[in-house]
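Let's take a friendly walk through a protein structure together. Have the sequence and the 3D view ready, and look up each residue as we come to it.

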Amino acid sequence: MRRRLSWTGWQFRCARFLLSWKHQPAPSPFLDYETKTNLFLPFHGEWHVAWGGRSFGQNRHSVVLDQRFAYDFLQLERGWSFRADGVRNEDFICFGQPIYAPASAVVVSTCDGVPDNIPGEMDAKNPLGNYVVLDHGNGEFSFLAHFQIGTVMVRPHAEVEAGDLVGRCGNSGNSSESHLHFHLQNTPEPFIGMGLPAFFCDYLLGGKRVPRGEPVGGQTISRLLPHGRQSFPL
C-alpha cells in the first residue's frame with residue numbers, strides 16, 4: 001500500500017487551501033526587491049515546486065522572515081514523489097539527484113554529517129540538515145538544504161560557478177521526504193536575516209522559456225543551461 005505524503009497529489013492541494021486562510025505571510029521590506037544575482041535553477045530535468053510564492057497558500061515558508069520567499073523542490077512521476085511503497089529514501093525520485101550552484105559564489109559554510117531521515121520522520125534539532133551557504137558578493141546569500149549525507153562536494157572559502165556540482169538531494173534535517181530547500185537572504189547566518197525574492201533566469205515552464213521569473217507552488221519547471229555550458233557534471 002502506498003503511503004500518501006502531504007506534498008503530492010490531492011493532499012498537497014488540500015493543504016494549500018486549508019492553511020492559506022489561517023496564516024498571513026511575514027511583513028517584509030523586500031516585496032519589490034529585484035534579485036541582483038543571475039540565478040539559475042540548481043538542478044536539471046523537470047522538478048515540481050512543492051512550495052514557492054508570496055502567499056501562504058503557495059508557500060508555507062512565507063510566515064518566517066528569513067525564508068519569506070523560500071522554495072521546496074522535488075520530482076514527481078504520475079503525480080507521486082516516490083516509487084514502490086515510499087518507505088525508503090531510495091524510493092523517492094529526487095533522492096540522490098545532483099544539485100548545482102545557482103550562480104557564481106564563494107562558499108560560506110557547509111554541513112555534511114547529518115543522517116538522512118526515515119521518510120515521514122523529521123529532525124527538528126538540525127533544521128537545515130546537510131547544507132551549503134553561498135555568498136554571491138552583492139549582499140545576497142543562497143541557502144541550499146537537506147542534502148544526502150556524505151554528498152556535499154564543496155567546502156568553505158571555495159569558489160564555484162553556476163552549474164558546478166555542490167551535492168546531492170537528500171532527506172536530512174527538518175524534512176519528511178527527499179527534496180531540495182532553497183532560499184535567498186541578506187545575511188550568511190542561518191535563521192538570522194531577512195529573506196529576499198529569488199528570481200531565476202532561463203527556465204522552462206509548460207514548454208515555454210521564461211527569461212526571468214519567480215516560480216510558484218504547483219508549477220513544474222526545468223532549467224536551461226547557462227550560456228556557454230554544454231552539459232552538467234553528474
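Tyr33 counts as buried, because its relative accessibility is 17% and the cut-off for buried is under 20%. Keep in mind as you look that this is a predicted model.

Tyr33 also forms an aromatic pair with Phe30. Their ring centres are 5.7 Å apart, with 85 degrees between the planes, which makes the pair edge-to-face.

A pair of aromatic rings is described by two things, the distance of the centres and the angle of the planes.

Stacked is the word for planes under 30 degrees apart. Both Phe43 and Trp47 are buried. These two residues also belong to one aromatic cluster, together with Tyr71, Phe73, Phe182 and Phe200.

Now find strand 5, which covers residues 130-135.

Strand 5 pairs with strand 4 (residues 105-111) in the antiparallel sense, over five bridges. In this pairing, Val106 stands opposite Asp135 of strand 5. Strand 5 is also joined to strand 6 (residues 141-147), again antiparallel, by six bridges. There you can find Leu134 opposite Ser142 of strand 6. Strands 5 and 6 make a hairpin with five residues between the strands, and in this hairpin Gly137 has a positive phi near 85 degrees.

## His179 in its loop

His179 sits in the loop between strand 8 (165-168) and strand 9 (180-185). Is His179 buried or exposed? His179 is buried, because its relative accessible area is 2%, and under 20% counts as buried.

Its side chain makes a polar contact with the side chain of Ser175 at 3.3 Å. The His179 side chain also reaches the backbone oxygen of Glu177, at 2.9 Å.

## The largest pocket

Last stop: the largest pocket holds about 290 Å³ of space. Its lining is made up of 15 residues, and the closest to its centre are Arg60, His61, Gln67, Asn174 and His181. Sorted by class, the lining has seven nonpolar, six polar and two charged residues.

Definitions and conventions
Residues are numbered from 1 along each chain as its sequence is written. This is a predicted model: local features need pLDDT of at least 70, side-chain atom pairs count only at pLDDT 80 or more; totals for chains, interfaces and linings use all residues. Side-chain values use heavy atoms; hydrogens and water are left out. On a 1 Å grid over the protein atoms alone, a cavity is a set of points where a 1.4 Å probe fits but cannot get out, and a pocket is an open set with protein on both sides within 12 Å along at least five of seven lines; lining residues have an atom within 4 Å of a point. Grid points are joined across faces, edges and corners, and a volume is the space filled by probe spheres set on the points. Ala, Val, Leu, Ile, Met, Phe, Trp, Tyr, Cys and Pro count as nonpolar, Asp, Glu, Lys and Arg as charged, and the others, Gly among them, as polar. Helices (H or I, at least four residues) and strands (E, at least two) are DSSP runs, numbered from the N terminus. Buried means under 20% relative accessible area, exposed over 50%, partly exposed in between (1.4 Å probe, protein chains only). A polar contact is a pair of N or O atoms within 3.5 Å; within protein, one must be able to donate a hydrogen and the other to accept it, and residues adjacent in sequence count only if both atoms are side-chain atoms. Rings of Phe, Tyr and Trp (its six-membered ring) pair if their centres lie within 6.5 Å; planes under 30 degrees apart count as stacked, over 60 as edge-to-face and the rest as tilted. Two strands pair if DSSP finds at least two bridges between them.
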